[in-house]
Structures are given as C-alpha cells and as structure tokens.
Amino acid sequence: MREFLQWLSTLSPFLEIPIIIGVFVAVVGLILFLVEIAPRRGRGYTIARLAACVATPALVFWLL
C-alpha cells in the first residue's frame with residue numbers, strides 16, 4: 001500500500017484523481033459482489049464466501 005501511495009504521489013493530479021476513483025469503484029464493487037452472494041445457497045457460493053473470508057484478512061495483513 002505504501003508503494004502504491006508513493007507511486008501515486010509522483011503522478012500529475014489529473015492522473016491521480018481517475019486512478020483513485022477507479023480503485024474506489026473496484027473496492028465498492030467487490031464489497032457489493034460479496035454482499036450479494038453471501039445469502040445464496042450452493043457449493044460455489046460457499047467456496048466464494050470461504051475464499052473471501054480467508055483472502056480478505058490475508059490481504060489486509062499483507063498490506064499492513
């Protein structure tokens with residue numbers, strides 16, 4: 001995360017804004033996707049929820 005922010009600070013403000021908005025939209029889209037599939041039944045949805053429950057904390061731990 002630190003490297004991303006340092007790289008972002010080297011760009012022009014006109015490039016920073018679309019990149020930040022794009023990252024925000026991607027994160028919100030991922031959260032909405034996970035919220036939508038959470039209540040559904042089925043093996044594929046269970047695997048997706050399990051992957052999200054394992055991958056999200058691992059990614060946050062790696063970023064910090």
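The legends below describe close-up views of a predicted model, in which local features need pLDDT of at least 70, side-chain atom pairs count only at pLDDT 80 or more, and totals for chains, interfaces and linings use all residues. Residues are numbered from 1 along each chain as its sequence is written, and side-chain values use heavy atoms, with hydrogens and water left out.

View 1. The largest pocket holds about 300 Å³ of space, a pocket being an open set of points on a 1 Å grid over the protein atoms alone where a 1.4 Å probe fits, with protein on both sides within 12 Å along at least five of seven lines, and lining residues having an atom within 4 Å of a point. Its volume is the space filled by probe spheres set on the points, which are joined across faces, edges and corners. Among the lining residues are Met-1, Val-23, Leu-30, Thr-56 and Leu-64. α2 (13-37) and α3 (43-63) are the elements that give two or more residues to this lining, and α2 gives the most, with 6 residues; helices are DSSP runs (H or I, at least four residues) numbered from the N terminus.

**View 2. Leu-59 in helix α3.** Leu-59 lies in helix α3 and is one of the residues that line the largest pocket. With 46% relative accessibility, Leu-59 counts as partly exposed, a class between buried (under 20% relative accessible area) and exposed (over 50%), for a 1.4 Å probe and protein chains only.

**View 3. Val-27 in helix α2.** Val-27 belongs to helix α2, lines the largest pocket as well, and is partly exposed at a relative accessible area of 44%.
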